[in-house]
Amino acid sequence: MMFRVFVVVTAALALAACQSSRRPSADVEPQQAVLTVPAGAQSVTVRADPDTIRQTILASATERGTPIAQNQPNMVVLERVVTEPNPALDSEFGPSDNGDRKFRIRIRFQGKECDTLVVQDVFVVNNAGTALEQVFALTQPEYNPRQSLLNMKQKAERFGGCGAPGAGA
């Protein structure tokens, strides 16, 4: 009986040693989630690397005085307080009478040198920073104008070092 227990324990330890010694090979890159474009979002492919895009967004926000809520390697979130009454937002999302109303602009980007997908979506935040905070995705084009994304694309490509499209960079 003791011999069987010894054999089972030895086999279990040997199996555990085999399992724990497995390591992924160095040439295998970790799988990155695929960036998706939700309904109502704007997207564009930019001939620049993700860091150039991030730096372009940050510089533009700083220049305009737009607060940066999050600054991550593949995402920047900007927030702007809505200071004027907006009856259209009130009727669609209700009033923001217990805190500020903000527009939250989330810009995500993923890619490699000279080929990066950029996705911009906009949210309205009612009663920001309170227990009654509510966040709604804005899918109407008037709240998420494509022109701002195209302006960012133009600036990033100017500084991205990838040359003009079709230049073989």
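Student: Which pattern does the protein chain follow when read along the sequence?
Tutor: In this predicted model, the order is α-β-α-β-β-α-β-β-β-α. That gives the chain 4 helices and 6 strands.

Student: How do I read the pairing of strands, starting with β3 and β4?
Tutor: Look for bridges, then for direction. β3 and β4 pair over 7 bridges, in the antiparallel sense.

Student: How many bridges join β4 to β5?
Tutor: There are 12, and these two strands also run antiparallel.

Student: What do β4 and β5 form, and how many residues lie between them?
Tutor: They form a hairpin, with 2 residues between the strands. Cysteine 114 sits in that turn.

Student: What is the phi of cysteine 114?
Tutor: Its phi is positive, about 70°, although cysteine 114 is not a glycine. The residue belongs to the loop between β4 and β5.

Student: Is cysteine 114 buried or exposed?
Tutor: Compare its relative accessible area with the cut-off: buried means under 20%. Cysteine 114 has 11%, so it counts as buried.

Student: Where does asparagine 127 lie, and what is its phi?
Tutor: Asparagine 127 is in strand β5. Its phi is near 55°, again a positive value in a residue other than glycine. With a relative accessible area of 5%, asparagine 127 is buried.

Student: What share of the protein chain do buried residues make up?
Tutor: They account for 34% of its 169 residues. The accessible surface comes to about 10900 Å², and carbon and sulfur atoms own 57% of that.

Student: Which residues touch the most other members of the largest nonpolar core?
Tutor: Val46, Ile53, Ile57, Phe103, Val118, Leu138 and Met152, in a core of 24 residues. Next, trace where the core comes from. At least two of its residues are supplied by each of β1 (42–46), α2 (50–64), β3 (75–81), α3 (87–93), β4 (100–112), β5 (115–128) and α4 (146–159).

Student: Which residues does valine 118 touch, leaving out those up to four places away in sequence?
Tutor: Among them are Val44, Val46, Ile53, Ile107, Phe109, Leu149 and Met152. Gln42, Ser43 and Arg108 also touch valine 118.

Student: What part of the contacts with a separation of 6 or more joins residues 24 or more positions apart?
Tutor: In this protein chain, 62%.

Conventions:
Residues numbered from 1 in each chain as written. Predicted model: local features only at pLDDT ≥ 70, side-chain atom pairs only at ≥ 80, totals over all residues. Heavy atoms only, no water. Buried < 20%, exposed > 50% of the residue type's maximum accessible area, 1.4 Å probe, protein only. Contact = heavy atoms within 4.5 Å. Areas by Shrake-Rupley, 256 points an atom, 1.4 Å probe, with all protein chains shown as cover. Core = buried A, V, L, I, M, F, W, Y, C linked by side-chain atoms within 4.5 Å. Pairing = 2+ DSSP bridges.
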